[in-house]
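Please open the sequence and the structure side by side and work through each task before reading on.

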Amino acid sequence: MSPTTRDPDRFTALSAELGICFGGDYNPEQWPREVWAQDVELMREAGVNLVTVGVFSWARIEPAPGAREFAWLDEVLELLHGAGIAVDLATPTASPPAWLGIRHPETLPVDLDGVRLVAGSRNQFTPASRVYRAHALAITRDLAARYAQHPAVRMWHVGNEYGQLDYGDEAAREFRRWLRERYGSIEAVNDAWATAFWSQHYAGFDEIVPPRRMPYIANPAQAVDFRRYSSDQLRACYRELRDAIRDAGAAQPITTNFMGFFAHVDYRSWAGEVDVIADDQYPDPASATAPADIALVQDLMRSLGGGRPWLLMEQSVSATSWRGHNLPKSPARARRDSLQAVARGADGVCFFQWRQSRAGAERFHSAMVPHAGADTDVFRGIVRQGADLARLRPVVGSRVQAPAAILFDWPSWWASDEPALPTDRLDTVTEITRWYRALWRRGIAADIVAPAGDLIGRGLVLVPHSYILEPDAAAALAAAVDAGAQLVVGPFSGVADGNGHILAGRSPAPLRELLGVSGEEWCALPDVRISTTPAWRPGAAYAASILGERLRSDGAEVLACHATGPLQGLPVLTRQRRGAGAAWYLGAVVDDGLLDAVIGEAATGIDGALPGLRVLPDGLEAVRRGDALFLLNHSDDPVKVPVPHGLVDLLADEQAAGEETGTVVALGPGDVRVLIERQDR
């Protein structure tokens, strides 16, 4: 294995030593030295074992071009190491110092309208700038040379929340280079982009610019390629800094922080570049569906790592500062959010940030130590979390049982997000989220998989919305059904090829034979009623909206039809049995009731985390990770659930566990149980 190849065992070894990693971003440069010692004592009290240092410290390390001030960082690392606290050392390259943009304005990004942005916030760089990258590489090399062998440094954190977009001349140059590498010739670009439309033909690569503000709609194929380029360019920035750290002899795990379903970066293409998948998660406490929706993100992160444990790099302790209306979390809610991440495969739980900033843009963003100090409910909640996570050492390294699969692909999402479609109200991630909630209510975890991935052995495969569906993906779905899977496909799937060109013939072209149904037109819909057939769910009342398809059955069983609207009388739900499985098709965006009924029936043969319950009590989440059963009550009401006999609660002492667990477990409002067979701990 080359030194720059992803090696998940690096993080496995770290978590095996530390247990579940617990801590957060630490920014000592914002505080006088006398506070540092106080911080370390409070970290020890809270059970913190890992802190991220240096994410935004470029100007402190390099106050002028070529200067290096490491003495303060030496002192911080020695202080943390002396207290037994591991450091995730960051390259400070996410926010260049002001002097870089002033001296080299070409390093600053240009927006869609051609406006060059300025320093004064963060992330003020274009990934295409050779000057920026040279300076970022220089400071990273010096940082790595100094600290690669430092005993405090147990992990490396490259950049921060990569996601910068740039439409300037620097980006134009690199976009052209990327296109040459991808297509080889300008003729191939013209073909891929279908430039015969609107007289967009290019005679040479030098004529191509990023899809900046145009008089009307940009070429959708060009726009999707620019998204691909932007993700790849950011990945190149990450790679060269990662490689510089490895070249300095660093053997620690190296990563960067993802941001869930983030539109500007294809994380699946990045997953093989990091030693551990790390993610920042900020579910909205005001959302009633937040527990299920963030569970989907956590299943995505676990899936990107091939099922291995991942790291929750950032979350809020209480309120954020960037929403229009920032509701706080209670300490109990913060605890439950952390334990939910562990339930879904995280071997690390960290926060932004350790100590709340007194000044700057995030002065009202909550922290592990708030403005009011340690004598607060917030900090006492952090201390409790540290104790809880220490008790969960037995689950470290174990995997989540995920019997279902959901197809998701960034390029397909990008292509379906372009303008001039039948409707702009159909969003890929919104649909995946809605479909996932039906699994969450049943305690069924899911892997979020690439379209052409191996699906053999999956009992349930969901395709909520895959606008692009290539032949190899269609073949994988057919093979899964033949092997026994229940496949459910949503509307406006299999519409286009990888360039976003519409597939000819009746739709969905790649899946017509598998589904036994075909369509001739996609139709934006008003709110319409759905009628189910007497043989399936007689008398049930459902609805559809947003988008439907003018369908006919080509052999599939029709289970529901449009009762009103422009598609009245035509099929909206079909099922075709094939091989050992069946393929369902939802030819419209249907309401949650019908969606839940379809997924519920398709999942009949799938055991959730609590096999005795087909649907869990409202607000209850159940996940099996290794030998442990996690039960999280997100509701305001107590619940009781049946569990196997003889389990103990890792979060309680032995006596309490013996009294509370048996064939029925009671959870109070907001409570969590982690049940496992009795063993010596």
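**Exercise 1.** How many bridges join strand S14 to strand S15, and do they run parallel or antiparallel?

*Before you start.* This is a predicted model, in which local features need pLDDT of at least 70, side-chain atom pairs count only at pLDDT 80 or more, and totals for chains, interfaces and linings use all residues. Residues are numbered from 1 along each chain as its sequence is written, and side-chain values use heavy atoms, with hydrogens and water left out.

*Solution.* Step 1: find S14 at residues 517–532 and S15 at residues 541–553. Helices (H or I, at least four residues) and strands (E, at least two) are DSSP runs, numbered from the N terminus. Step 2: count the bridges; there are 12, and the two strands run antiparallel. Strands pair if DSSP finds at least two bridges between them.

**Exercise 2.** Which residue in strand S16 is the bridge partner of Thr532?

*Solution.* Step 1: go to S16, residues 557–562, which is joined to S14 by 3 bridges in an antiparallel arrangement. Step 2: look across from Thr532, and you will find Ala560 in S16.

**Exercise 3.** Is the ring pair of Tyr238 and Trp270 stacked or tilted?

*Solution.* Step 1: recall the cut-offs. Rings of Phe, Tyr and Trp (its six-membered ring) pair if their centres lie within 6.5 Å; planes under 30 degrees apart count as stacked, over 60 as edge-to-face and the rest as tilted. A search of the whole structure gives 28 aromatic pairs. Step 2: here the centres are 5.9 Å apart and the planes stand at 35°, so the pair is tilted. Step 3: place the residues. Tyr238 belongs to helix H9 (residues 220–247) and Trp270 to helix H10 (residues 267–270), so the pair ties together parts 32 residues apart in sequence. Step 4: check burial (buried means under 20% relative accessible area, exposed over 50%, partly exposed in between, with a 1.4 Å probe and protein chains only). Tyr238 has 0% relative accessibility and counts as buried; Trp270, at 1%, also counts as buried.

**Exercise 4.** What kind of aromatic pair do Phe258 and Tyr267 form?

*Solution.* Step 1: their centres are 4.1 Å apart, with 15° between the planes, and the pair is stacked. Step 2: both residues are buried. Step 3: widen the view to one aromatic cluster, whose members include Phe258, Tyr267, Tyr238, Trp270 and Trp410.
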